[in-house]
Amino acid sequence: MDFVGPRCEKPAELSGIRCVSVNTRRFASIMGQMDYRAAFAGALEQVRGEGRYRVFADLKRHRGSFPRATWTRPDGTVQDVVVWCSNDYLGQGQNPIVLDAMHRALDEAGSGSGGTRNISGTTHYHVELEAELADLHRKEAALLFTSGYVSNEATLSTLYKILPGLIVFSDALNHNSMISGIRQGPKGQRQVYRHNDLAHLEELLRAAPASAPKLIAFESVYSMDGDIADIPATVVLAKQYGAMTYIDEVHAVGMYGPRGAGVAERDGVMGEIDIVEGTLGKAFGVMGGYIASDSVIVDAIRSYADGFIFTTSLPPALAAGAAASIRWLKEHGEVRQAHQARAAALKARLIKAGLPVMPSVSHIVPVKVGDPVHCKLISDILLADHGIYVQPINYPTVPKGTERLRFTPSPAHTDAMMDDLAKAMEALWVRCNVKRMGGVAA
């Protein structure tokens with residue numbers, strides 16, 4: 001019996017990132033003796049030995065003071081910190097409009113939804129939110145899921161049921177949730193094209209049977225590198241080869257486009273995308289995932305997707321808060337402008353300090369370290385000595401050798417906060433023995 005290591009966030013088969021297997025001989029021996037605990041301990045030992053064991057920071061955010069929070073140390077003492085890696089990109093989790101809507105729903109309807117969408121779990125709040133999402137993306141309908149991960153996995157896996165013989169063409173750096181859904185199709189019906197390489201995508205499309213149903217699955221903003229797909233050109237290829245398009249706008253909704261519908265809206269091609277997938281847990285500041293599309297597509301996914309059918313629906317308060325957040329952001333483009341300005345300001349400061357800022361055309365600011373041990377060390381010192389919280393990003397989230405700190409400045413991050421961060425980073429790059437331009441442990 002073989003045992004593999006911790007599951008890659010971007011599985012090797014579809015991402016090009018190599019997964020490391022746990023020592024199978026050792027584990028087979030262990031399991032032959034029925035020492036299950038030792039098998040789990042061995043898996044953890046391997047992760048620790050590679051310098052990529054993850055430690056969660058115990059944080060309590062301060063309502064009305066985003067991005068400030070209180071960190072509770074392992075010994076129980078506390079320290080105030082500034083959070084630099086939150087995916088609550090616009091601070092909507094603190095918006096009084098959102099919080100008031102959630103309080104009202106809680107007072108009116110109570111805590112949970114009471115069941116699956118089919119069994120008493122479709123409240124008026126869910127119906128209103130789906131209508132708000134359909135309007136946001138200028139689609140006929142939308143469908144809620146419990147998370148962005150579930151919406152990707154459930155929708156993409158269900159498409160194989162509805163479209164026999166479907167071939168999915170997946171960008172090599174698609175999120176694990178997309179990969180997980182795509183992998184549920186037959187091996188011969190999934191193709192991976194090099195990241196943002198449309199020439200390679202066309203090569204694969206051209207080689208596929210003309211009569212086979214096809215789907216191009218890709219993201220708009222790729223969250224670890226901060227690069228953006230060429231959506232208009234992808235749409236052109238899809239039309240040329242008779243393929244549907246499925247776009248993950250998780251790291252774009254709320255932040256791009258005149259009304260915050262994402263990069264496809266910004267680029268003027270949202271109407272050409274067949275299925276838009278997004279989240280309520282990042283720029284909208286709440287929780288949940290969704291798709292938006294033609295009503296017949298949404299209805300089919302609703303009727304066939306296990307990840308939708310067999311789970312309790314979102315609590316009414318979350319649905320009400322998300323709807324309020326979407327409505328508010330549709331009308332407040334100045335927040336999106338401020339967000340982009342803050343991201344540009346941080347990039348400029350870090351580059352001026354000689355730090356290895358990785359190229360990014362989005363709001364994401366990645367700084368390369370290139371070594372997992374050094375990456376965690378810098379993160380730990382920033383937190384303990386400077387009150388700056390940024391999580392190290394290591395393998396398997398990113399390939400080995402590209403370990404980084406990933407900053408997500410919001411409109412609420414001030415110049416003073418940025419100056420403090422740049423000063424601390426500049427000092428630590430020397431203290432932690434990391435080369436300045438280009439990263440990589442010296």
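Reader: What makes Leu198 and Phe218 contacts of Thr234?

Author: In this predicted model, contact means heavy atoms within 4.5 Å. Leaving aside the neighbours within four places in sequence, Thr234 is in contact with Leu198, Leu201, Ile216 and Phe218, while Thr234 itself is found in helix α9, residues 231-240.

Reader: Why is Thr234 called buried?

Author: Buried means under 20% relative accessible area, and Thr234 has a relative accessibility of 2%, so Thr234 counts as buried.

Reader: What makes β11 and β14 a pair of strands?

Author: Two strands pair if at least two bridges are found between them, and four bridges join β11 to β14 (residues 404-407), so these antiparallel strands count as a pair. In one of the bridges, Val365 has Phe407 in β14 as its partner.

Reader: Why are β11 and β13 called edge strands?

Author: Three strands form an open antiparallel sheet in the order β11-β14-β13. Within that sheet, β11 (365-368) and β13 (392-393) each pair on one side only, and they are the edge strands. Helix α14 (residues 333-352) packs on the sheet, where α14 touches β11 and β14, and its direction makes about 20 degrees with that of β11.

Key: Residues numbered from 1 in each chain as written. Predicted model: local features only at pLDDT ≥ 70, side-chain atom pairs only at ≥ 80, totals over all residues. Heavy atoms only, no water. Helix = DSSP H or I, 4+ residues; strand = E, 2+ residues; numbered from the N terminus. Buried < 20%, exposed > 50% of the residue type's maximum accessible area, 1.4 Å probe, protein only. Axes fitted to C-alpha atoms, helices over the stretch in contact; angles between N-to-C directions.
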